[in-house]
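I would ask you to read them beside the coordinates.

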Amino acid sequence: MARYINEILQPDEKIVFTTTIHWMVYLPGVLMWVVTAIIYFYGTQYSAGWKLVALAIGLLAAISTFRAWFRRWTTEIDVTDRRIVFKRGFIRRHTVEMNMDKVESVDVDQSILGRVFDFGDIVVRGTGVGIEPLHNIQAPLQFRNYVTAR
């Protein structure tokens, strides 16, 4: 799939930073896969019914993992030398752009886990408008530095 930012770049506009949703969005699916494996290997020793339980949880794990992958694959966050571009969605696309001269501040919110694994929430505040909170963004401090260091 061609990246959205490459389709909308203006002449002489350069991409200075690109990020997306952090890989931690896979964590619920991975934990469900672990539970599935535990139930399958240990629960089936006691009853065959545990195979159905493992199958059901495995199906939920597959759905959760696919949704996380698809959300991460269809989300782009880019900083160019002129603007910030946020795009999410595949068929139903949602995009937000803000010119750099309209940016007033970039707020970063990180939990302890976010600080350890380098992810967090970002809110870009602009004159008159703002970009909605961007949740679980990879390298949020680096994003802020590229926006504010103009």
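**Salt bridges and their burial**

1. D78 is buried, with a relative accessible area of 1%, where buried means under 20% relative accessible area, exposed over 50% and partly exposed in between, computed with a 1.4 Å probe on protein chains only. This is a predicted model, in which local features need pLDDT of at least 70 and side-chain atom pairs count only at pLDDT 80 or more, while totals for chains, interfaces and linings use all residues. Residues are numbered from 1 along each chain as its sequence is written, and side-chain values use heavy atoms, with hydrogens and water left out.

2. D78 meets the side chain of R3 in a salt bridge at 2.8 Å, N to O, the term denoting a side-chain nitrogen of Lys or Arg within 4 Å of a carboxyl oxygen of Asp or Glu. This pair links distant parts of the chain, since R3 lies in the segment before α1 and D78 in strand β2, 75 residues apart; helices (H or I, at least four residues) and strands (E, at least two) are DSSP runs numbered from the N terminus.

3. R3 also forms a salt bridge with E76, with 3.7 Å between the closest N and O atoms. E76 belongs to strand β2 (residues 76–80) and R3 to the segment before α1 (4–8), so the pair ties together parts that are 73 residues apart in sequence. R3 is partly exposed at 30% relative accessible area, whereas E76 is buried at 5%.

4. Salt bridges that share partners join R3, E76 and D78 into one network. By the stated rule, the count comes to five salt bridges.
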